[in-house]
Amino acid sequence: MKLSIAGLVLSVEHQYQLSTWFCSDHEAVYDKYKPQFTVRASHAEVLAEYRRLNGEFSMAECESNCLYRKVCFKMLDFDAFLLHAAAVAVDGEGYVFTAPGGTGKSTHASYWLREFGERAYILNGDKPIIRHMNSGFYVCGTPWRGKEGLGNAEIVPLKAVCLLERGKENEITLADIDTAIDNFFRQVLIPNKEDQIEKQLDLLDRLMAEVPVYRLKCNMSDEAALVAYDGIKTHKMSVQKGW
């Protein structure tokens with residue numbers, strides 16, 4: 001199976017048909033493109049994943065986990081990495097919301113769809129790829145989208161990262177560097193090879209230097225999307241004007 005993800009063509013060798021089904025909209029349709037890398041998961045690796053998850057997921061789902069982990073580690077060679085987050089596009093620009101599971105990333109993303117209507121869509125509901133290319137960071141759709149399965153194969157410029165947390169009031173402020181680092185390390189896939197760890201750290205450093213990172217407190221209301229969007233746009237304008 002040949003896929004197009006984050007502007008790259010890759011080959012995924014799999015045993016179970018589940019991967020074919022949920023990767024269908026990322027299939028690379030042009031045979032002339034040679035894969036830039038190949039991933040595969042052995043039966044032993046899939047079985048180890050199945051046992052690690054205490055048999056709570058099927059072997060097909062465990063194979064999918066193994067394959068995506070390998071894809072993400074290979075992505076580091078192309079200035080790209082996995083961020084556990086929900087990603088929304090508005091007017092062709094990307095905004096990602098990262099937080100521990102159960103905080104409400106998908107719920108908050110749905111507020112943006114209700115607030116902005118046809119201007120917005122969910123790029124990825126759970127596991128987008130962040131890639132540096134063309135002198136900037138982009139957020140990229142992937143077949144791995146979380147339990148809701150929300151997303152598509154688009155790639156858009158990344159305009160902001162929001163560290164999402166629940167609060168009584170909707171409020172957005174710039175995150176300090178320590179808070180940003182702590183949150184990112186909880187939501188990226190840390191490799192076990194030293195050279196890949198260095199690449200991951202370098203990418204995070206560049207991300208924080210080039211893309212605004214916000215701390216977003218929100219309650220369970222549609223207003224949270226507008227507060228976040230307006231706060232990001234206001235900060236962007238003040239930076240451009242040198243305030």
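Modeller: In this predicted model, 28 residues line the largest pocket, and those that lie nearest its centre are Ser 64, Asn 65, Lys 127, Trp 144 and Gly 146. The space in this pocket comes to about 850 Å³. Two or more lining residues come from each of four elements: helix H1 (18–22), helix H2 (43–52), helix H3 and helix H5 (177–187). Of the elements, H3 gives the most to the lining, with 6 residues. By class, the lining of the largest pocket consists of 12 nonpolar, 7 polar and 9 charged residues.

The model has 2 cavities of 30 Å³ or more, and the second largest cavity has a volume of about 40 Å³. Helix H3 (59–75) and strand E4 (80–82) each supply at least two residues of the lining of that cavity. The residues that line the second largest cavity are Cys 72, Phe 73, Leu 76, Phe 81, Leu 82, Leu 189 and Gln 200. Their classes are 6 nonpolar and 1 polar, with no charged residues. The lining of the largest pocket, by contrast, includes 9 charged residues.

An open sheet is formed by 3 strands in the order E1-E2-E3, with mixed pairing. Strand E1 (2–5) and strand E3 (37–40) are the edge strands, each pairing on one side only. From one strand to the next, the twist averages 35°. In general, the strands of a sheet pair through backbone hydrogen bonds, and the pairing is either parallel or antiparallel. Both arrangements are found here: E1 and E2 run antiparallel and are joined by 4 bridges, whereas strand E2 (residues 8–13) and E3 run parallel and are also joined by 4 bridges. E1 and E2 form a hairpin with 2 residues between them, and Ala 6 in the turn has a positive phi of about 55°. Strand E2 has 5 of its 6 residues buried, so this strand is largely enclosed by the rest of the structure.

The aromatic residues complete the picture. A pair of aromatic rings is described by the distance of the centres and the angle of the planes. The structure holds 8 such pairs. In one of them, the ring centres of Tyr 95 and Trp 112 are 5.3 Å apart and the planes stand at 40°, so the pair counts as tilted. This pair links distant parts of the chain, for Tyr 95 belongs to strand E6 (residues 93–98) and Trp 112 to helix H4 (residues 105–116), 17 residues apart. Tyr 95 and Trp 112 are both buried. Trp 112 has a relative accessible area of 0%, which is why it counts as buried. Tyr 95 and Trp 112 also belong to one aromatic cluster, together with Phe 97, Phe 116 and Tyr 229. Finally, the C-alpha atoms of Trp 112 and Tyr 138 are separated by 19 Å, and these two residues are 26 residues apart along the chain.

Conventions
Residues numbered from 1 in each chain as written. Predicted model: local features only at pLDDT ≥ 70, side-chain atom pairs only at ≥ 80, totals over all residues. Heavy atoms only, no water. 1 Å grid on protein atoms, 1.4 Å probe; cavity = no way out; pocket = protein on both sides within 12 Å on 5 of 7 lines; lining within 4 Å. Points joined across faces, edges and corners; volume = space filled by probe spheres on them. Nonpolar A, V, L, I, M, F, W, Y, C, P; charged D, E, K, R; others polar. Phe/Tyr/Trp six-rings, centres within 6.5 Å; stacked < 30°, edge-to-face > 60°. Buried < 20%, exposed > 50% of the residue type's maximum accessible area, 1.4 Å probe, protein only. Pairing = 2+ DSSP bridges. Axes fitted to C-alpha atoms, helices over the stretch in contact; angles between N-to-C directions.
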